[in-house]
Amino acid sequence: MKGIPGWKNKPFWIRLLHWEYWRFHVIYAPVYPFFIFLCLRARSFFFYAAANPKIKNGGFLGESKKDIYELVPRALQPRTIFFSKGTDPSSVLKQLIRERFHFPLIGKPDIGGRGMGIKKLEDAGSVIEYASAIPFNFHIQEFINYENEAGIFYYRFPDQKKGNISGIVHKIFLKVTGDGIHSIHDLLKNNPRAILQLPELEMSEPEMLGLVLPAGEIFTVSPYGNHARGALFLDDSKSVNEALVNAIDGICRQIPEFYFGRLDIRYESRKLLEEGKSFSVLEVNGAGSEPTHIYDPGHSIFYAWKEIIRHWLLLFKISIANHRRGHSYLSVYEGIRMFKKDKLDSALLVSVQKKSG
């Protein structure tokens, strides 16, 4: 089996020639002046904290998943248990068994984004290992086995009774199809998206990479709906219809004072999701949410900039409206402290990611 030829299989060229893999600040740098302009208009560099008044910092940075989980009706989310940093790993395992959780499970740090620190836990040993290594408060969640996952961007102005959907990203997990001859490692070499994941997978999943799948068998290599973990993001925004808007608005109206952000949802089928059935809200992301449909490989960087600006304008208008209703922005001291803490937390998350794979 031939791999991708020559220079095209080099991570440097894959990243350089596909803007979706560029570093966050490289993508955003050309539009930062517009964000500064909005800050000046709001007379605050931290106006976005008012976007979702019940979520710390509006959900821009440093928000606790536990706090958000408590705002969302339990029936809409996966079963979850939260643990404090340093909890004895054997106690973690005992509580999971006592409350009848079944493998596989998902471990997540209480803070952070972009899939950092998230790990699928296949057995008791992986739970012990995860609980021993995580340097944050964390939670362990049941694994939702629905086939489909989407990121749905929702917004609602405070004076409006009904919200809207501004974008949908459909996520396709990193998979391979066996041929009965080549290992998963060899099959991944034919996919530029997978090539970028290989160094991490070689460290964390060497046995899995050595497997030879029967011809025609489809295998999910990375079960995470995160762009940074190899998932393909496809823009499904054109499929928005009244039934879906009503369903998502019905969900978001149950979250107190939630006006701007992205829901990451796993669901059985689009029809059932529109009927409000057979789905689970994996994450609720606030003011710091990206319109992740921009990462569709078919979109240009110019389209991405346009969408980022469009969503910043929505964030600005909603935050201003909430400020007029009496919800405060962060002070300069609070805002600087937020960014400093996020920098430290992000460095720790990177170290966790490298260790856990």
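Which loop holds P104? P104 sits in the loop between α5 (89–98) and β2 (105–109). The legends below start with the whole chain and then move to close-ups.

This is a predicted model, in which local features need pLDDT of at least 70, side-chain atom pairs count only at pLDDT 80 or more, and totals for chains, interfaces and linings use all residues. Residues are numbered from 1 along each chain as its sequence is written, and side-chain values use heavy atoms, with hydrogens and water left out.

**Figure 1. The whole protein chain.** The secondary structure comes to 14 helices and eleven strands. Helices (H or I, at least four residues) and strands (E, at least two) are DSSP runs, numbered from the N terminus. The radius of gyration is 21 Å, close to the 21 Å that the globule rule gives for 357 residues, so the chain is as compact as a globular protein of that length. That radius is taken over C-alpha atoms, and the globule rule is 2.2 Å times the number of residues to the power 0.38. The C-alpha trace spans about 65 × 50 × 40 Å along its principal axes. Of the 357 residues, 50% count as buried. Buried means under 20% relative accessible area, exposed over 50%, and partly exposed in between (1.4 Å probe, protein chains only). Among contacts with a separation of 6 or more, 72% come from residues 24 or more positions apart. Contact means heavy atoms within 4.5 Å. The chain exposes about 17600 Å², and carbon and sulfur atoms supply 56% of it. Accessible areas come from the Shrake-Rupley method with a 1.4 Å probe; for residues, only the protein chains shown count as cover.

**Figure 2. The largest nonpolar core.** This core has 39 residues. F47 and Y48 have the most contacts inside it. A nonpolar core is a set of buried Ala, Val, Leu, Ile, Met, Phe, Trp, Tyr and Cys residues joined through side-chain atoms within 4.5 Å. The largest share, nine residues, comes from α13.

**Figure 3. Around F47 and S319.** Neighbours within four places in sequence are left aside here. F47 is in contact with F35, L38, C39, A42, L315, F316, S319 and Y329. A second, separate core of 24 residues includes I152, I248, F258 and L273. S319 belongs to helix α13. Its relative accessible area is 0%, so S319 is buried. With neighbours within four places again set aside, S319 is in contact with F47, Y48, A50, A51 and Y329.

**Figure 4. A nonpolar patch on the surface.** F12, W13, L16 and L17 form this patch, with about 420 Å² of accessible area together. Patches are made of residues with over 30% relative accessible area and no salt bridge; like charges are joined within 9 Å, and nonpolar side chains (Val, Leu, Ile, Met, Phe, Trp, Tyr) within 5 Å. L17 is found in helix α1 (residues 11–17).

**Figure 5. Backbone exceptions.** Most residues other than glycine have a negative phi, and most peptide bonds are trans. The peptide bond from F103 to P104 is cis, with omega near 0°. R100 is found in the loop between α5 and β2. Phi of R100 is positive, near 60°. R100 has 65% relative accessibility, so it counts as exposed. R43 also has a positive phi, of about 60°, although it is not a glycine. R43 lies in the loop between α3 and α4 (65–71). At 79% relative accessibility, R43 counts as exposed.

Figure 6. R266 forms a salt bridge with E149, the closest N and O atoms being 2.9 Å apart. R266 lies in strand β10 (residues 260–267) and E149 in strand β5, so the pair ties together parts that are 117 residues apart in sequence. Both R266 and E149 are buried. A salt bridge is a side-chain nitrogen of Lys or Arg within 4 Å of a carboxyl oxygen of Asp or Glu. E149, K171, R262, D264 and R266 are linked in a network of salt bridges. The structure holds 16 salt bridges.

**Figure 7. Salt bridges with partly exposed residues.** K120 pairs with E122 in a salt bridge, the closest N and O atoms being 3.8 Å apart. E122 counts as partly exposed, at 47% relative accessibility. The side chains of E275 and K277 also meet in a salt bridge (3.6 Å, N to O). E275 is partly exposed at 37% relative accessibility, and K277 is partly exposed at 45%.
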